[in-house]
Amino acid sequence: MATNIGMMDSAYFVGRSEILAWINSTLHLNLSKVEEACTGAVHCQLMDATHPGMVPMHKVNFDAKSEYEMIQNYKVLQDVFNKLKITKHIEVNKLIKGRPLDNLEFMQWMKRYCDSVNGGLVHSYNPLERRESCKGGKEASKKSASSQSTNKGVTAAPKAQSSHNARRHDVTSVNPTTQASKTSKPSAVVPAYDEQITELKLSVDSLEKERDFYFAKLRDIEILCQSPGIEHLPIVGAIKRILYATDDDASVVAEAQAMVFHQQKEAEPLSPIAEVSEERTSSETQKRKNIVNVDVDTAGITTLSPRQRLSDVSDVHCSGSPLMTY
């Protein structure tokens, strides 16, 4: 059972026409665009057709127009996924926007999942009856029925018109091939333009999706650079220099590299030989200071007169020194 499939899976190469035909035949609807299913109600009923009785259809709203109402439908769908232990992530915020590419990808996944359950065969499922308990379900069924009857009338009209034109063929002098070409050109051109417009929308959605992906990556890098522990590091400053550059000048990258190189040069430690020589110099200087101090004390003692030495001895005797008590 396919719950998570890769983006290169064959399911994501199913065309829009096949997806629409599958939805309309399974649920007896008449959707003309995949993004018309962005409300989430169609997804809920597809799951109900695949797993009968699993979806509480009375909570599904086929008349959802606001984002709040659409989100409620997707909540019902998420509850069903949880019950069935389906780990597929539903990107609700993208689907409710009605973008063709996002809705096409999710509907491709839905078709792959439904096909993987019982081979995609739906036995004794009445979509019209199940839709009656939904809010707006009856209206959706009426719209699909009226559109189907309209299509039948449109297909039947050319037959009657052709017989009528056959009767008028003898009394009119208009060239029938010329008239047919005039009437067929607009009907052939409009679908071609619609196809081009849809392809352009899909390409724009793909580019926007790619743009949002890389922008999110840059935003993550910016948040990381603003962390208190590393905010003032030179490498972080170089990254910010590139992030916040307002032009495409190549000198920005050169400046960032120079910032990193300058910091590395300042942070280079002294060589071991230099450190040992500094330690030896400081120790020798300390020894010299000690020798000079001893020499000064000796010179001061020798310069004292004999009377000063006797006075010092008497001071020691009078002070009660233990050395002079004997």
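Where does His28 lie in this chain? His28 sits in the loop between H1 and H2, and that loop is a handy place to begin a tour. The model is a predicted one, in which local features need pLDDT of at least 70, side-chain atom pairs count only at pLDDT 80 or more, and totals for chains, interfaces and linings use all residues. Residues are numbered from 1 along each chain as its sequence is written, and side-chain values use heavy atoms, with hydrogens and water left out.

The chain holds twelve helices and zero strands; here helices (H or I, at least four residues) and strands (E, at least two) are DSSP runs numbered from the N terminus. In sequence order the pattern reads α-α-α-α-α-α-α-α-α-α-α-α. Of the 326 residues in the chain, 26% are buried, where buried means under 20% relative accessible area, exposed means over 50%, and partly exposed lies in between (1.4 Å probe, protein chains only). Contacts are also worth a look, a contact being heavy atoms within 4.5 Å. Among contacts in the chain with a separation of 6 or more, 62% come from residues 24 or more positions apart.

Beyond its neighbours within four places in sequence, Asp102 is in contact with Lys94, Leu95 and Lys209.

Helix H2 (41-50) is mostly covered as well, with ten of its ten residues buried. Its buried residues include His43, Gln45, Asp48 and Thr50. Among the elements that cover the buried residues of H2 are H1, H3, H5 and helix H6 (127-131).

A nonpolar core is a set of buried Ala, Val, Leu, Ile, Met, Phe, Trp, Tyr and Cys residues joined through side-chain atoms within 4.5 Å. The largest such core has 43 residues, and those with the most contacts inside it are Val42, Met47, Val60, Phe81, Met107 and Met110. Two or more residues of this core come from each of helix H1 (16-27), helix H2 (41-50), helix H3 (67-83), helix H4 (92-95) and H5. With seven residues, H5 gives the most to this core. Val42, leaving aside its neighbours within four places in sequence, is in contact with Ile23, Leu27, Leu29, Leu31, Ala37, Phe62 and Met107.

The cysteines come next. A disulfide is a pair of cysteine sulfur atoms within 2.5 Å, and by this rule the count comes to zero disulfides. For Cys134, the closest cysteine sulfur is in Cys44, at 8.5 Å, too far for a bond. Cys134 counts as buried, at 7% relative accessibility, and Cys225 counts as buried at 4%.

Rolling a probe the size of a water molecule over the atoms shows where empty space is left. On a 1 Å grid over the protein atoms alone, a pocket is an open set of points where a 1.4 Å probe fits, with protein on both sides within 12 Å along at least five of seven lines, and lining residues have an atom within 4 Å of a point. The largest pocket has a volume of about 370 Å³, a volume being the space filled by probe spheres set on the points, which are joined across faces, edges and corners. Of the 16 residues that line the largest pocket, Leu31, Glu36, Phe62, Ala140 and Lys143 are the closest to its centre. H2 and helix H7 (137-168) each supply at least two residues of this lining, and H7 gives the most, with four residues.

The tour ends with backbone angles. Most residues other than glycine have a negative phi. His28, though not a glycine, has a positive phi of about 55°, and His28 is partly exposed, with a relative accessible area of 37%. Lys85, in the loop between H3 and H4, has a positive phi near 60° and counts as exposed at 71% relative accessibility. Just after H5, Asn118 takes a positive phi of about 60°.
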